Amino acid sequence: MTVVTEVRRPEKRAPNQGRRRRGAAHGAWFLVLPALIPILVLSVGPLLYGVLLAFTDAQSGRTEPTQWIGGLNFRDLAQDTLFWESFRIGLVWAVGVTVPQFLLALGLALLLNQELRLRWLARALAIIPWAMPEVVVGIMWRLVYNPDAGILNETLRDLGLGDGRDWLSGLGTALPAVIVVGVWAGMPQTTVALLAGLQNTPRELHEAAALDGAGAWRRFRTVTWPALRPIALAITALNFIWNFNSFALVYVLTNGGPGGRTRLPMLFAYEEAFRYGQFGYAAAMGCVMVAVISVLLAVFLVGRLKGGDDA
């Protein structure tokens, strides 16, 4: 018996197919350009200029031309104990704000996701701190912490817990007091992100787990948290960056005092640039901050992603 095998010839591409693809690619770039140009002009351009500035001796009010000095700014920065102390304070601040911020926002998001009366009002009230400018938040909390007429000290006096204290001027209380304000001010956007993730989780999964006898904690661990993990990873990383780069809130509350106990790296670089006029040195600080935070975030993200894959 003879088997006849049909051999198909390879299809020939239309001669203008490659041109169409190239035209589509050019059209896609044309559509992206309106969004890409502002990013290049307002973000990438200043970043590259700052990197170049870090290798110069640029100063304010200097009549001589700026000179290229190589890595001298970075060499001096490596020996600047005040900067590294501010960097340590910045890490304490960023972690001390980001972790409670996430935990409290998660609890609030779980609460607001329940079928409650006047839930719409509670959700509106929860995002009020997000709508307030940081300067206004700082002024408001300065009034709360006021040692003479602040509501916090007045409450402590009414409860018989002492005569109160100057929270923002005490060496041991200034940083914790500022961290409380940072948590309060930054919690709404984390709550909104987590609440959106909760609402996108199918209710059928929770109902099926409940029918199988799973309790509230087990349903959270096996259904809710796996759905929230990508959002939690993204919002935690963003919050860490935002908190570490904080400026206005701490500047209004303490201006880096007392004794530099709340002097974050951004405040330190600001003072070097605009108070002492050392633009090149301040730019070197910015480069170091970007590099170190990028490494820390890369380690954090890789660890979280590996943990997610193992799960």
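**Around the pockets**

Author: Happy to! Four helices, α1 (17-53), α10 (216-244), α12 (265-275) and α13 (279-310), each supply at least two residues of the lining of the largest pocket. This is a predicted model, in which local features need pLDDT of at least 70 and side-chain atom pairs count only at pLDDT 80 or more, while totals for chains, interfaces and linings use all residues. Residues are numbered from 1 along each chain as its sequence is written, and side-chain values use heavy atoms, with hydrogens and water left out.

Helices (H or I, at least four residues) and strands (E, at least two) are DSSP runs, numbered from the N terminus. On a 1 Å grid over the protein atoms alone, a pocket is an open set of points where a 1.4 Å probe fits, with protein on both sides within 12 Å along at least five of seven lines; lining residues have an atom within 4 Å of a point.

By class, the lining of the largest pocket has 18 nonpolar residues, four polar and no charged. Here Ala, Val, Leu, Ile, Met, Phe, Trp, Tyr, Cys and Pro count as nonpolar, Asp, Glu, Lys and Arg as charged, and the others, Gly among them, as polar.

The second largest pocket holds about 400 Å³ of space. Of its 13 lining residues, Asn 113, Gln 114, Arg 203, His 206 and Thr 224 lie nearest the centre. Helices α8 (174-199), α9 (203-211) and α10 each give two or more residues to this lining, and α10 gives the most, with four. The lining of the second largest pocket has four nonpolar, six polar and three charged residues.

Back to α1, which also holds Ile 39. Ile 39 is partly exposed, at 45% relative accessible area; buried means under 20%, exposed over 50%, and partly exposed in between (1.4 Å probe, protein chains only). Ile 39 belongs to a nonpolar surface patch with about 1,000 Å² of accessible area together, whose members include Phe 30, Leu 31, Val 44 and Leu 48. Patches take residues with over 30% relative accessible area and no salt bridge, joining like charges within 9 Å and nonpolar side chains (Val, Leu, Ile, Met, Phe, Trp, Tyr) within 5 Å. Accessible areas come from the Shrake-Rupley method with a 1.4 Å probe, and for residues only the protein chains shown count as cover.

Glu 271 is buried at 10% relative accessibility, and its side chain meets that of Arg 263 in a salt bridge of 3.8 Å, N to O. Arg 263 is partly exposed at 25%. Glu 271 also forms a salt bridge with Arg 275, with the closest N and O atoms 3.9 Å apart. Both Glu 271 and Arg 275 lie in α12, four residues apart, about one turn of the helix. Shared partners join Arg 263, Glu 271 and Arg 275 into one salt-bridge network.

Note on methods
Points joined across faces, edges and corners; volume = space filled by probe spheres on them. Salt bridge = Lys/Arg side-chain N within 4 Å of Asp/Glu carboxyl O.
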